[in-house]
Every structure is written in C-alpha cells, then in structure tokens.
Amino acid sequence: MKFRSVFDIIGPVMIGPSSSHTAGAARIGRVARSLFGREPKWANISLYGSFAKTYKGHGTDVAIVGGLLDFDTDDVRIIKAIEIANEKGMKLRFIEEDAVTDHPNTARIIIGDHNGELELVGISIGGGKIEVTELNGFELKLSGNHPAILVVHNDRFGAIAGVANILAKYEINIGHMEVSRKEQGKLALMTIEVDQNIDDKILDELEQLPNILKVTKIVD
Amino acid sequence: MFRNAAELVEMANSQNKKISEIMIEQEVTVTGRSREEVMSFMDRNLKVMEEAVERGIKGVKSHSGLTGGDAVLLQKYIEKGNFLTGETILDAVSKAVATNEVNAAMGTICATPTAGSAGVVPGTLFAVQKKLNPTREQMISFLFTAGAFGFIVANNASISGAAGGCQAEVGSAAGMAAAAIVELAGGTPQQCAEAMAITLKNMLGLVCDPVAGLVEVPCVKRNAMGAANAMVAADMALAGITSRIPCDEVIDAMYKIGQSMPSALKETAQGGLAATPTGRALEAKIFGIPLNKK
C-alpha cells in the first residue's frame with residue numbers, strides 16, 4: 001500500500017497552494033539536499049508533465065528550491081526561497097521538458113558543488129507524498145517517509161548479508177529493502193527503509209564492511 | 001490493516017467500534033507512536049485548520065488577484081438571514097471557501113487530502129460544530145474518520161488531480177467529509193460508507209482544469225460545492241438512503257474514469273476552463289505570456 005499513515009491523508013500542514021506541486025515538490029528538493037549532505041552551489045532542475053506545464057502557478061520552482069535550502073513544507077520561507085538562494089549565490093536553472101514520463105508530476109534534480117554532484121528523480125504522487133525513483137542512475141523506490149539508509153557497494157556475494165547482520169545486531173527492523181545495479185558485478189545500491197532513526201556509529205560500522213563504499217542516511 | 005471500505009465497516013461492526021477508533025488504532029500499530037501522540041498530532045492539524053478558516057473569513061486576496069473575499073461575502077449574506085437553503089450548509093460552504101482562499105494566497109493550511117481540496121473537510125466540520133456541539137475529542141475523531149476513507153481512496157485509486165482529475169481531489173475530500181459528518185451525527189459505520197458513495201458518485205468525471213495552472217479558478221468554488229454535496233449526502237445517508245453501487249465500486253469507477261481522462265484535463269492547464277477565452281486571457285495577464293505557447 002502506497003499510503004500507510006492517516007497523516008498522509010489529513011496532512012501535511014503546509015504552505016499553499018498545492019500539496020503535490022508545492023509541498024511534494026519541496027519534499028523532493030529536501031530529499032536531494034539531505035542525500036547530498038550539504039547546501040549545493042548550483043542546481044539544474046528539469047520538470048516534466050504537469051510540473052512543466054503549471055510550475056509557475058503552483059510555485060513548484062520556489063518549493064523545490066525551498067527543499068534544497070532544507071525548508072520543511074510548512075516553513076514560510078518557502079515563499080521567498082528563490083530570492084534566498086540567489087542571495088546565497090546558488091546558481092539555479094529550470095528546464096521545461098517535453099518528454100512523457102511514467103508519472104505526470106516528475107522532477108529531475110542535479111545538484112552539486114566543487115566536491116561532487118548528485119542526480120535524483122522524484123515523483124509527487126498526491127497529497128504531498130513523494131517517491132524517489134532514481135538516484136545517480138540507479139533505479140529505486142524511496143517514499144521519503146521513513147528513515148532510510150542508502151548503501152553504495154560492489155555487486156559481490158555477502159555484501160547484503162553483511163549489512164543485514166549489523167542491522168540485526170542493533171535490533172533495527174527493515175521495513176522495505178531494494179537492491180539495484182547498473183551492471184552485473186559492478187556498482188550497486190541498497191536502499192533500506194527502517195522503522196527507527198539510525199545512530200551514526202552504526203553507519204560507520206557498515207562502512208567498514210568489505211565491498212561497502214559509501215553509506216548515507218535520510219532522517220525521518 | 002483495512003484495505004477497502006467493506007473491510008473497514010466490517011472491522012467497525014465486528015469490534016463494535018466507530019470508524020475513527022479503527023483508524024486511530026491502526027495508526028498506533030503502523031507507526032509505533034502512542035495513542036496520545038497520534039491524538040495530539042491530529043489536534044495540531046485541527047488547530048491549523050481553525051486558524052486558516054479564521055483568517056479566510058476575515059478576507060484574504062491571492063497574489064494573482066483571481067480569488068479571495070468570497071468567504072466574507074457569504075458570511076455577511078448568512079447574517080442577513082434571507083438565504084434560500086440553510087444556515088449550516090452555507091456556513092460549510094463559506095468556511096470551505098475561506099480555507100481555499102488562504103491556500104491560494106500561499107497561506108498555511110492542512111492538506112485534506114490535498115491542498116487544492118483542503119476546504120471541504122474543515123468547512124463541513126466547523127459548520128456542523130455549531131449544530132452538534134462536539135467535544136474537542138469528537139472533532140479530532142471527525143478527522144480520523146475522514147482520514148480513514150481518504151486512506152482507502154489513496155490506496156485503491158488516487159487523490160492526485162494530475163493522476164485522476166478533480167474527482168480524485170475534491171471528490172475524495174467531499175466523500176471523506178460526508179462519512180465523517182455521518183459518524184459525528186450518530187450514524188452507523190455502514191451509513192458512513194453510503195454517504196461516501198453517494199457523494200463520490202456525484203463528483204465522478206470532474207476534471208482538473210485550473211486557469212493558468214493556479215489552484216484558484218475553479219478550485220475554490222469546487223471546494224464550495226464539494227462541501228454542499230457532502231452535507232446533503234450525509235443527510236441522505238442518515239435518512240436511511242443507500243447507494244445501489246457499493247462504496248468500493250464507486251471508488252474503483254472513479255479510478256478508471258481518471259485513467260481514461262485525457263491529460264489536458266488533469267492539472268496541465270491545457271483544457272476545460274483553463275482553455276476558455278477568458279481562462280487564456282487571465283493566464284496571459286498573470287504571466288505576461290500564455291503558458292501554452294501555441
């Protein structure tokens with residue numbers, strides 16, 4: 001079931017005017033920011049479908065940038081997000097795409113600074129709820145509603161079991177898990193949604209495992 | 001976990017509980033939060049709804065200038081006492097409009113189930129509040145009952161205008177409100193489902209065609225009529241009228257209608273009222289150039 005909590009329906013508390021095109025858009029931006037781990041210096045934002053056609057009226061552009069600035073859906077600073085980003089020197093580019101995507105409310109966000117880049121595709125499925133469908137070229141399904149850990153690893157046997165064993169040791173329950181790879185035997189990504197927030201100490205321990213390259217977390 | 005309206009009603013009946021109670025218990029189980037936390041979280045959402053209505057009935061104006069001030073007009077009209085329908089229904093309409101006018105003005109609201117349809121549930125709640133004098137806890141329960149039916153629609157169909165048209169947004173909101181009014185007025189769980197079905201049946205096919213892509217025209221007035229629809233359907237269900245097509249099948253029909261709707265009528269501002277001469281003229285005026293660069 002896509003929707004698990006009653007507060008997906010009665011909620012979120014948010015700045016208008018659209019739960020999918022404003023609140024959902026802000027959440028997509030904020031997940032990108034959270035995964036990037038710091039404020040980006042630039043952002044290229046491609047909008048598809050209904051997002052591309054109506055973003056000015058709905059404030060979708062403002063909201064995504066608000067998310068990149070780490071503002072929550074009910075943060076009134078969202079209204080002035082583009083001005084705030086400009087003041088901080090963040091370079092913004094919006095692209096209205098014509099391509100037809102699986103979901104009408106789709107955004108592709110590429111953000112970066114001199115230390116790195118991150119590319120993320122998010123969809124806004126209604127009522128402010130979002131899913132991340134692509135991260136740095138990996139396909140995945142991340143609701144953004146639960147704490148989650150993302151593990152970039154080499155596609156080798158035992159890598160998944162190693163991670164699962166450490167989570168089990170700390171009594172962390174896995175709600176949803178997915179593994180995605182670009183090519184057999186090469187780089188792969190584990191997406192693990194868990195029920196409780198995870199301590200940084202556990203992330204460090206995960207990163208020490210063989211074949212594990214990078215571990216990041218998204219806080220609830 | 002209930003998956004559809006039939007299961008929800010069956011759970012309520014077999015456990016001799018209200019639908020709101022089933023929803024609260026499920027939320028506690030699914031999220032691991034305590035009952036107190038869940039209730040106080042909903043109380044916070046209720047406060048946001050109250051503040052939005054208070055702000056809206058004093059009068060707001062959107063940035064585009066397309067909407068605002070209608071809630072005030074209706075409140076003044078009610079005060080004069082010469083209305084043709086009823087005070088409760090007009091109060092619901094006025095408060096639904098108030099909420100959506102605040103939303104259009106980029107104010108703070110609580111999505112129920114979406115921002116574009118955020119007026120219906122609070123509008124009807126605060127209107128029946130005068131008549132039924134509920135406790136704070138009963139008002140919070142109203143939102144859980146509405147949430148339970150929205151939960152079913154969201155998981156079996158859609159609550160997104162871009163995916164299913166306005167029927168998925170204001171249609172769902174009106175159905176949720178109707179079911180919640182019935183419970184608050186003392187109706188049975190089955191009557192809640194009948195009210196949801198009757199309401200949604202009368203919103204099937206409603207397209208999402210916002211002028212200039214703004215959540216203003218016709219969204220604010222669709223919330224008005226969604227609230228009126230919910231009030232009448234609730235009264236019908238409480239009178240003992242049932243829907244020949246069961247609630248779950250109405251929801252399924254809504255989903256399929258949404259899928260076959262052309263994308264021009266699903267929140268793209270390409271068809272319907274958005275594509276009328278006046279709609280296009282407003283769009284051109286607001287953005288300097290029309291969004292549709294044909």
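Me: Which element of chain A gives the largest share of the side that touches chain B?
Reply: In this predicted model, 38 residues of chain A are in contact with 47 residues of chain B. The elements giving two or more residues to the chain A side are strand 1 (13-15), helix 1 (19-36), helix 2 (49-58) and strand 5 (116-126). The largest share, six residues, comes from helix 2 of chain A.

Me: Which residue of chain B stands opposite A:Ile15?
Reply: Strand 1 of chain A and strand 1 (residues 108-110) of chain B run antiparallel and are joined by three bridges. Within strand 1 of chain B, the residue that stands opposite A:Ile15 is B:Thr108.

Me: Where is B:Pro113 found, the proline joined to B:Thr112 by a cis peptide bond?
Reply: The bond between B:Thr112 and B:Pro113 is cis, with omega about -5°. B:Pro113 is found in the loop between strand 1 and helix 6 (120-132) of chain B.

Me: Is A:Asn211 buried, partly exposed or exposed?
Reply: A:Asn211 is not a glycine, yet has a positive phi of about 70°, and is found in the loop between helix 6 (200-208) and strand 11 (212-218) of chain A. A residue counts as buried at 20 or more other C-beta atoms within 10 Å and as exposed at 12 or fewer. Because A:Asn211 has 16 other C-beta atoms within 10 Å, A:Asn211 is partly exposed.

How values were computed: Residues numbered from 1 in each chain as written. Chains lettered and ligands numbered in written order. Predicted model: local features only at pLDDT ≥ 70, side-chain atom pairs only at ≥ 80, totals over all residues. Contact = placed C-beta atoms within 7 Å. Helix = DSSP H or I, 4+ residues; strand = E, 2+ residues; numbered from the N terminus. Pairing = 2+ DSSP bridges.
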